[in-house]
Amino acid sequence: MTTLKILPLGDSALVCEAGTAPSLGAQRRVWHVASLARDWPDVREVVPGMNNLTLLFDPLATDQESLAERLREAWQSQPPTGDVGRDIEIPVHYGGQHGPDLHDVAKHARLQPKTVVQRHTAPEYIVYFVGFQPGFPYLGGLDESIAMPRRAEPRLTVPAGSVGIGGSQTGVYPLTSPGGWQIIGHTASALFDPAASPPALLAPGDRVRFTIASLDL
């Protein structure tokens, strides 16, 4: 079992960090503790992250020591078995104007661009957490052979729907923004719609598969 480190964040919040490298097992425990903590009446907000969990609490209703003890007990409890999310398929236009960094990723991996696409579409990814911008999914499960560091100089504008690789993870930009991930494709799927319920397409625990909508190599 992964260990737990609990740190104060001001006088009304605690940050819990899993003492291990990011993994699906650690994330499942983060999700489990988050689901329990949402029912605690003295907790105002629960924010699961990558390998960590932040709790905002009412300092008039509890104290950091008492809450930390409950967190340790929750961390020791057994997460439910089985899948916790949905299956989502995202079609992607790979390469060309949609994926300006595909050839750079292929060169870095010493592979053909088509092979990079094949390896990117092969796994079933798990949404570890959603952050950076509304609806941005950090997906675990990327083939290590196509992992690549972020760009040395981030782009000022990355179009909404861009599919990228950043280190050992892959993700999709829900909104147009600056960004430094290696862009290998683009999807027309809406990752974030403020008028929808829920507004984000993906949630932690969802399972994602990318499919090939087109190839421009």
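Which residue forms a salt bridge with Glu-69, and how far apart are the closest N and O atoms? The partner is Arg-72, and the closest N and O atoms are 3.7 Å apart. The legends below treat this pair and other details of a predicted model, in which local features need pLDDT of at least 70, side-chain atom pairs count only at pLDDT 80 or more, and totals for chains, interfaces and linings use all residues. Residues are numbered from 1 along each chain as its sequence is written, and side-chain values use heavy atoms, with hydrogens and water left out.

**View 1**
A salt bridge is defined as a side-chain nitrogen of Lys or Arg within 4 Å of a carboxyl oxygen of Asp or Glu. In general, side chains of opposite charge can pair when their charged atoms come close. Helices (H or I, at least four residues) and strands (E, at least two) are DSSP runs, numbered from the N terminus. Glu-69 is partly exposed, with a relative accessible area of 40%, and Arg-72 is partly exposed at 42%. Here buried means under 20% relative accessible area, exposed means over 50%, and partly exposed lies in between (1.4 Å probe, protein chains only). By the salt-bridge rule, the count comes to seven.

**View 2. Arg-70 meets Asp-42 and lies over the face of Trp-40.**
The side chains of Asp-42 and Arg-70 form a salt bridge of 2.5 Å, N to O. Asp-42 lies in the loop between helix H1 (24–37) and strand S3 (43–48), and Arg-70 in helix H2 (residues 64–76), so the pair ties together parts that are 28 residues apart in sequence. Asp-42 is buried, with a relative accessible area of 8%, whereas Arg-70 is partly exposed at 25%. Arg-70 is placed 5.0 Å from the ring centre of Trp-40. A charge sits over a ring if NZ of Lys or CZ of Arg is within 6 Å of the ring centre and within 35 degrees of the ring normal.

**View 3. Arg-207 in strand S13 pairs with Asp-87.**
In this salt bridge the closest N and O atoms are 2.7 Å apart. The pair links distant parts of the chain, with Asp-87 in strand S5 (residues 87–95) and Arg-207 in strand S13, 120 residues apart. Asp-87 counts as exposed at 55% relative accessibility, while Arg-207 counts as buried at 9%. The side chain of Arg-207 also reaches the backbone oxygen of Gly-85 at 2.9 Å.

**View 4. Six aromatic residues form one cluster: Phe-129, Phe-132, Phe-136, Tyr-138, Tyr-173 and Trp-181.**
The structure holds eight aromatic pairs. Rings of Phe, Tyr and Trp (its six-membered ring) pair if their centres lie within 6.5 Å; planes under 30 degrees apart count as stacked, over 60 as edge-to-face and the rest as tilted. Phe-132 and Tyr-173 form an edge-to-face pair, at 6.1 Å centre to centre and 85° between the planes. This pair links distant parts of the chain: Phe-132 is in the loop between strand S6 (125–130) and strand S7 (137–140), and Tyr-173 is in the loop between strand S10 (169–172) and strand S11 (177–179), 41 residues apart. Tyr-173 is buried, with a relative accessible area of 0%. Phe-136 and Tyr-138 form a tilted pair, at 5.1 Å centre to centre and 50° between the planes. Both Phe-136 and Tyr-138 are buried.

Most residues other than glycine have a negative phi, and most peptide bonds are trans. Asn-51 is located in the loop between S3 and strand S4 (52–57), and Asn-51 counts as buried at 9% relative accessibility. Pro-198 lies in the loop between strand S12 (182–186) and S13.

Terms used. Polar contact = N/O pair within 3.5 Å; in protein donor to acceptor, adjacent residues only side chain to side chain.
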